[in-house]
Amino acid sequence: MKNQSAGYLANHLARIFARGLTARIKPLGLTTGTFPALLELWESDGLTQKQLVERLDIEQATMANTLARMERDGLIIRKKDANDGRVQRIWLTERGRDLREPAIEAAMAENLETLSCLSEHEQAEFVTTMHKIIAANRAGSA
C-alpha cells in the first residue's frame with residue numbers, strides 16, 4: 001500500500017534529498033532548515049519576513065525561528081524598512097552572501113547524484129511534474 005502512495009514516496013524522497021544535502025552543506029555551517037530562506041535572499045536580498053513566509057509556503061512561527069537561528073549564525077541582519085518603521089527587512093551578511101556559490105554547488109551536486117538513475121529526459125519530466133503539482137496546490141490554497 002505505502003509503496004503506491006504518492007505522499008509516502010514524496011516524503012521518503014524528500015528525506016533522501018535532505019540527508020544528502022545536509023552532509024554536503026554541514027561543512028559550510030548551513031542546515032537544510034536555513035537553506036530555502038538563503039536561496040530566496042540570494043535571489044532578492046532585503047525581503048520581509050512576510051515575503052519569505054509567502055515564497056517558502058511555511059508557517060510564520062517556523063520562519064521566525066529560522067530567522068533567529070540565521071541571525072545567531074551571522075548569516076543575516078534585520079533592519080527597519082526606510083519607508084515603514086514597522087517593517088523589518090532581512091539582509092544577508094557578507095558571510096551569508098559568500099556562502100551562495102558553495103552552497104548552490106553542493107545542492108546541484110546532490111540533485112545530480114540523487115537523480116543519476118534517471119535519464120536526462122526523465123529528470124526533466126520529474127521536475128516538470130513536481131512544478132505542476134506545486135502550482136496546482138498553491139492555486140487551490142490561495
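Helix α2 crosses helix α6 in a left-handed sense, a crossing being left-handed if the near helix is turned anticlockwise from the far one by less than a right angle, and right-handed if clockwise. The structure is a predicted model, in which local features need pLDDT of at least 70 and side-chain atom pairs count only at pLDDT 80 or more, while totals for chains, interfaces and linings use all residues. Residues are numbered from 1 along each chain as its sequence is written, and side-chain values use heavy atoms, with hydrogens and water left out.

Helix α2 spans residues 35–43 and helix α6 residues 100–114; the two pack at an angle of about 125°, and their axes are 11 Å apart. Axes are lines fitted to C-alpha atoms, for helices over the stretch in contact, and angles run from 0 to 180 degrees between N-to-C directions. The arrangement of α2 and α6 is therefore oblique; angles under 35 degrees count as roughly parallel, over 145 as roughly antiparallel, 65 to 115 as roughly perpendicular and the rest as oblique. On the α2 side the contact (heavy atoms within 4.5 Å) involves F35, L39 and W42, which meet R100, A103, I104 and A107 of α6. Six of the residues in this contact are nonpolar, none is polar and one is charged. In this classification Ala, Val, Leu, Ile, Met, Phe, Trp, Tyr, Cys and Pro are nonpolar, Asp, Glu, Lys and Arg are charged, and the others, Gly among them, are polar.

Rings of Phe, Tyr and Trp (its six-membered ring) pair if their centres lie within 6.5 Å, with planes under 30 degrees apart counted as stacked, over 60 as edge-to-face and the rest as tilted. One aromatic pair is counted by this rule. The pair consists of F35 and W42 in an edge-to-face arrangement, with 6.1 Å between centres and 80° between planes. F35 and W42 are both buried, where buried means under 20% relative accessible area, exposed over 50% and partly exposed in between (1.4 Å probe, protein chains only).

Helices α3 (residues 49–56) and α4 (residues 60–72) cross at roughly 115°, and their axes come within 10 Å. This crossing of α3 and α4 is right-handed. Residues Q49, L52, V53 and L56 of α3 and Q60, M63, A64 and L67 of α4 make the contact. Its residues comprise six nonpolar, two polar and no charged.

D81 lies in the loop between β2 (76–80) and β3, and is buried at 14% relative accessibility. Leaving aside residues up to four places away in sequence, D81 touches V87, Q88 and R89. T93 lies in the loop between β3 (88–92) and α5 (94–98) and, at 16% relative accessibility, is also buried. With the exclusion of residues up to four places away in sequence, T93 touches G74, L75, I76 and I77.

L9, in helix α1 (residues 6–25), is partly exposed, with a relative accessible area of 40%. Beyond residues up to four places away in sequence, L9 touches K2 and N3. L9 and D73 are 64 residues apart in sequence and 33 Å apart in space, C-alpha to C-alpha.

Overall, the chain has seven helices and three strands, these being DSSP runs (helices H or I, at least four residues; strands E, at least two) numbered from the N terminus. Their order along the sequence is α-α-β-α-α-β-β-α-α-α. Of the 142 residues, 26% are buried.
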